[in-house]
Amino acid sequence: MSHLQLTDDEIALLRYTCDLYFVEESPLFFLESEKRVPEDLTNSYRQLEQKRVVDPSTFQITDPALDQLAPVTECDARVVHLQKRENQDTRLIDYYLLDEIAVKYRNEDTGHLMGVDMDTDELVAFLARRLVPRQSSGDLLLVDLTPLEIIALAQLSAPLRTNPQAPIVTDPERLPALANTHAKEADPKGQDNTFLGVLGVRTLPQNHNPKTDAMPKSHEEVWQLALEGLFAKGLLKRWDNGVKLNTAFKRFVTALHQKERHVFVRYDFGDDEWFIRESTLIPTDGSLYWVGMSDDGLVTIKELDGDRLREVLNTAVGPLAKKHTT
């Protein structure tokens, strides 16, 4: 069955005559809580028969219709796809799942629209077709960053906003002092810019770790450690008389300021609590990046080709890992 569109009255008739079951997390639960009865029984039934939702010989919901209805009315999970583009309203797309079968759902003025039912592989393939991973060959960006390294990069990459080709620092010897000065003078609210906001960093991290006696004590030592980390990870490179960002990472920074991104949030409805996963994908010309948190609390930035994209989407919208359900 292709897309299925039903009115409140038609779904109310199915609830009334076919024992259609609703859970509280369903977007159609209001029909159950209100004990809704159709205003026009005869016309509602005729419409359901024409749409092949009910079998006229048994007066029961047909299997194809139930395959599309049950994930929405009896859902045990939900996937939300937020698509943000500059100067455009954020687009929100809902998928409801039952036993890992997903149905796209939209509430329209003319009724409730439900798409075809998809298993996990089909859902991942469906979402992947709406994203463009990197097609060219070469090494893919993959880096883990500490919160302090992210803040240092946000401060030092500021010149790229006006001139993407500019070195971020003309005098390498001033690099630690420059980063430290920015950090001390910046208003905490001012630091919540596009770069820090997308990567989930809002304030400077504490510079003391009780588990580590060797942790540097002064601002200068902390920033020096962050900068050494950025050089060691290849994100900062010495160039002529200055310092530049790694080319691959600069493409990522440029993508951040384009303010286009895809956010996938999956909710699994547990008996006592919900389990929530969030993944952010950032497209740019010729590439696609995933941003997330590692198990060690570091921010991971991963450039995606086709294989990595499927892997990321499987993790983002696929079944809940067993370790979270025990």
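This is a predicted model: local features need pLDDT of at least 70, side-chain atom pairs count only at pLDDT 80 or more; totals for chains, interfaces and linings use all residues.
Local features require pLDDT of at least 70 and side-chain atom pairs pLDDT 80 or more, while totals for chains, interfaces and linings use all residues. Residues are numbered from 1 along each chain as its sequence is written, and side-chain values use heavy atoms, without hydrogens and water.

Helix α5 (residues 120-128) packs with helix α11 (residues 306-317) at an angle of about 120°. Their axes lie 10 Å apart. On the α5 side, the contact (heavy atoms within 4.5 Å) is made by T120, L123, V124, L127 and A128. On the α11 side, L309, R310, L313, N314 and V317 take part.

The whole structure holds 7 aromatic pairs (ring centres within 6.5 Å; planes under 30 degrees apart are stacked, over 60 edge-to-face, the rest tilted). The rings of F252 and Y289 have centres 5.2 Å apart and planes at 65°, so this pair is edge-to-face. F252 belongs to helix α10 (residues 247-257) and Y289 to strand β13 (residues 287-293), so the pair ties together parts 37 residues apart in sequence. F252 is buried (under 20% relative accessible area, with exposed over 50% and partly exposed in between; 1.4 Å probe, protein chains only), at 0% relative accessibility. Y289 is buried at 0%. Ring pairs also link F249, F252 and Y289 into a cluster.

F269 and W274 form a tilted pair, 4.7 Å centre to centre with 55° between the planes. F269 is buried at 14% relative accessibility. W274, at 44%, is partly exposed.

How values were computed
Axes are lines fitted to C-alpha atoms, for helices over the stretch in contact, and angles run from 0 to 180 degrees between N-to-C directions. Helices (H or I, at least four residues) and strands (E, at least two) are DSSP runs, numbered from the N terminus. Rings of Phe, Tyr and Trp (its six-membered ring) pair if their centres lie within 6.5 Å; planes under 30 degrees apart count as stacked, over 60 as edge-to-face and the rest as tilted.
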